[in-house]
Amino acid sequence: MASSTLVNKCVVVVVAVAAFLLALSSCGVASAAAAAGRKTTFLKPGAKPPPNSKFFTLTPGRFGHKRDYQAACSDERGRPACYVGCPKDCRNKCLVFCSYCLSFCMCDIFPGTSCGDPRFTGGDGNTFYFHGKKDQDFCIVTDADLHINAHFIGNHNPALNRDFTWVQALGVTFRGGGGDHHRLYVGARRAVEWDEEEDHIQVTLDGEPVDVDAVRNARWASRAVPGLSVTRMDSVNTVMVELDGVFAISANAVPITDGDDRIHKYGKTGSDSLVHLDLAFQFRNLTNDVHGVLGQTYRPGYVTKLDIAAKMPVMGGAPNYLSAAGLFSTDCAVSRFHHHHHRSAAAGARVITTFAS
């Protein structure tokens, strides 16, 4: 079931002990997606790589030393062209684009993202917050044959008199090729103390566990649902779930660290590390009537009603997105599931990537 193919070389080093870690370069953090061996292209300040650019995930903590981890990207002759480390806002994990000698936080690179409390960047490119509510489910994407709810966990800080929330799990209801409905669960397991070597990702299909070998690039393919697969992007805590022609969901389980708590005053206690998901979505073949917290931003001609110039634009109307009957309920007020509408060529061709944490 597992498969791992090394296509390009990309070296991972700690600046202080480069000689030791150079020996780990071909089997460590660098993945087959690295764009090593290509000519470096330089972007204008503030610009981001195109959506189809190749990248790999850099996880500094995998070798027990997080300081000054860098990826060495090779030029077209196989010589080191540049060294790239993670930005200060995401020291534990980031995306490295060797073709541009740049790295980005996972939640800052693509349109349609959601991070933090949770902060979304919609398909229209605008960023907003949707706080939801602790221990409740909200529809974030709802369409004729696809409905995605997010389960929110949270923590109350009495000193600030507010709740902080994160996405802990997804409930994906979709129509298979044979017309049958299926339920896909992607969630993060609760942990009192975070252990980065332990797998906190849980995936089930129609109530049955999906077991994927704990090896990078290990892949599981469903026999019951043709085109559905789960691939490990790292040996633990990061998977890609894909349904051909419909969606691809990358899920990365992460904790709230003590550093996060000191900076943002989340009110974290020693009884829960608040493990949640960073999520990346790619959607294909959406209808023009797609809705949900995030889904509505993918509509052709969508114009946001939020004050995007505000420091924290907040999307209200939470009751419209509440799925009161549970994670796999399609009963939110704006539900489009089973409503069949025209699919435009533009909507079908668009691929949009989103994150959530």
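Biologist: How many helices and strands does this protein have?

Modeller: The protein has four helices and 21 strands, in a model that is predicted. Of its 357 residues, 51% count as buried. The accessible surface comes to about 16600 Å², and carbon and sulfur atoms hold 51% of that surface.

Biologist: What share of the contacts in the protein with a separation of 6 or more comes from residues 24 or more positions apart?

Modeller: Such residues account for 58% of those contacts. A contact here requires heavy atoms within 4.5 Å.

Biologist: Why is Phe42 called exposed?

Modeller: The relative accessible area of Phe42 is 70%, and the term exposed applies over 50%; therefore Phe42 is classed as exposed. Phe42 lies in the loop between helix H1 (18-22) and strand E2 (56-58). Its C-alpha is 7.8 Å from that of Cys101, although the two are 59 residues apart in sequence.

Biologist: Why are E2 and E6 placed at the edges of their sheet?

Modeller: The sheet is open, with three strands in the order E2-E5-E6 and antiparallel pairing. E2 and strand E6 (102-104) each have a single partner strand, so one side of each lacks a neighbour in the sheet. Neighbouring strands of this sheet are turned by 40 degrees against each other on average, direction ignored.

Biologist: Which residues touch the most other members of the largest nonpolar core?

Modeller: They are Leu170, Phe174 and Phe247, in a core of 50 residues. Leaving aside residues up to four places away in sequence, Leu170 touches Ile140, Ile148, Leu184, Val186, Phe281 and Leu327, among others. In soluble globular proteins, nonpolar side chains tend to be buried together.

Biologist: How do you know that Cys73 and Cys98 form a disulfide?

Modeller: Their sulfur atoms are 2.0 Å apart, and the cut-off is within 2.5 Å; therefore the pair counts as a disulfide. Cys73 lies in strand E3 (residues 69-74) and Cys98 in the loop between E5 and E6, so the link ties together parts that are 25 residues apart in sequence. With -70 degrees about the S-S bond, this link is left-handed. Both Cys73 and Cys98 are buried.

Biologist: Why is the disulfide of Cys86 and Cys94 called left-handed?

Modeller: The torsion about its S-S bond is about -80 degrees, so the disulfide is left-handed. The distance from sulfur to sulfur is 2.1 Å. Cys86 and Cys94 are buried.

Conventions:
Residues numbered from 1 in each chain as written. Predicted model: local features only at pLDDT ≥ 70, side-chain atom pairs only at ≥ 80, totals over all residues. Heavy atoms only, no water. Helix = DSSP H or I, 4+ residues; strand = E, 2+ residues; numbered from the N terminus. Buried < 20%, exposed > 50% of the residue type's maximum accessible area, 1.4 Å probe, protein only. Areas by Shrake-Rupley, 256 points an atom, 1.4 Å probe, with all protein chains shown as cover. Pairing = 2+ DSSP bridges. Axes fitted to C-alpha atoms, helices over the stretch in contact; angles between N-to-C directions. Core = buried A, V, L, I, M, F, W, Y, C linked by side-chain atoms within 4.5 Å.
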